[in-house]
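Please open the model in a viewer and keep the sequence panel at hand.

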Amino acid sequence: MNTVRKAEKKDVKGIVKRENVCFSTPETEESIYSFLKSKTFFVDVIEDEGIVTGHCIYFFVPDNAEIISLAVTPEKRRMGYGRDLVYNVIERAKENNCKEVYLEVRKSNEAAISLYTSIGFHQVGERKNLYSKPEEDGLIMQYLI
Ligand SMILES: CC(C)(COP(=O)(O)OP(=O)(O)OC[C@H]1O[C@@H](n2cnc3c(N)ncnc32)[C@H](O)[C@@H]1OP(=O)(O)O)[C@@H](O)C(=O)NCCC(=O)NCCS
């Protein structure tokens, strides 16, 4: 059974490893530790039978939530872990009386765009050269609660 829970210190090395596998500009061990201590940022992991398969980093500001990282271990993809992590952020956003959830995604990231669209996110903007390594435009997507 899948469980989404708050990340703990014991999860940090695995999160950093997944960040490095999934992104060209990954979060560092230092940044993950600072997120764990933060009252604004949240780090969740999803586990299945005790094995952590993905993580999500997000924050709340008045009225909305923003996802800054979502990653699933490559050999565990297309099993619903990414979707469950995003659903969990939406649930938490509802509890915090947020009106929207935002995220940014590389224009070429078909897997992520397809996941977000299947959940109900819509493109509301585009930012030129938002990403580096390689340079690429980013789409801004919004989920209305
Ligand atoms: C994007 C990512 C998080 C998706 O995680 P996942 O656990 O594989 O996604 P899920 O299994 O929950 O997929 C849910 C739905 O999203 C869509 N989807 C996910 N991966 C897809 C792919 N490679 N191609 C097309 N659609 C895809 C499908 O509609 C899928 O439903 P289905 O499997 O029933 O067809 C994962 O591919 C990943 O970690 N990628 C690298 C990091 C990344 O790009 N993160 C997002 C940054 S914005």
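Helices (H or I, at least four residues) and strands (E, at least two) are DSSP runs, numbered from the N terminus. This is a predicted model, in which local features need pLDDT of at least 70 and side-chain atom pairs count only at pLDDT 80 or more, while totals for chains, interfaces and linings use all residues. Residues are numbered from 1 along each chain as its sequence is written.

**The whole chain**

Begin with a cartoon view of the protein, which contains four helices and seven strands. Followed from the N terminus, the elements run β-α-α-β-β-β-α-β-α-β-β. Now display the C-alpha trace, which spans about 35 × 35 × 30 Å along its principal axes.

Contacts are residue pairs whose C-beta atoms, placed from the backbone, lie within 7 Å. Among contacts between residues at least 6 apart in sequence, 53% join residues at least 24 apart.

**The core**

A residue is buried if 20 or more other C-beta atoms, placed from the backbone, lie within 10 Å of its own, exposed if 12 or fewer, and partly exposed in between. By this criterion 29% of the 145 residues are buried. A nonpolar core is a set of buried Ala, Val, Leu, Ile, Met, Phe, Trp, Tyr and Cys residues joined through C-beta atoms within 7 Å.

Select Cys56, Ile67, Leu85, Val89 and Val101: these touch the most other members of the largest nonpolar core, which has 31 residues. Elements that each supply at least two residues of this core include helix H3 (81-95), strand E5 (100-106) and strand E7 (136-144). Next, centre on Ile67, which touches Cys56, Tyr58, Val89, Val101 and Leu103, residues up to four places away in sequence not being counted.

Most residues other than glycine have a negative phi, and most peptide bonds are trans.

Move to the loop between H3 and E5, where Asn97 lies. Asn97 has a positive phi of about 60 degrees although it is not a glycine. Is Asn97 buried or exposed? With 10 other C-beta atoms within 10 Å, Asn97 is exposed.

Finish in the loop between E6 and E7, which holds Lys133. Phi of Lys133 is positive, near 55 degrees, and Lys133 counts as exposed, with 8 C-beta neighbours inside 10 Å. The peptide bond from Lys133 to Pro134 is cis, with omega near -5 degrees.

Methods. Two residues are in contact if their C-beta atoms, placed from the backbone, lie within 7 Å.
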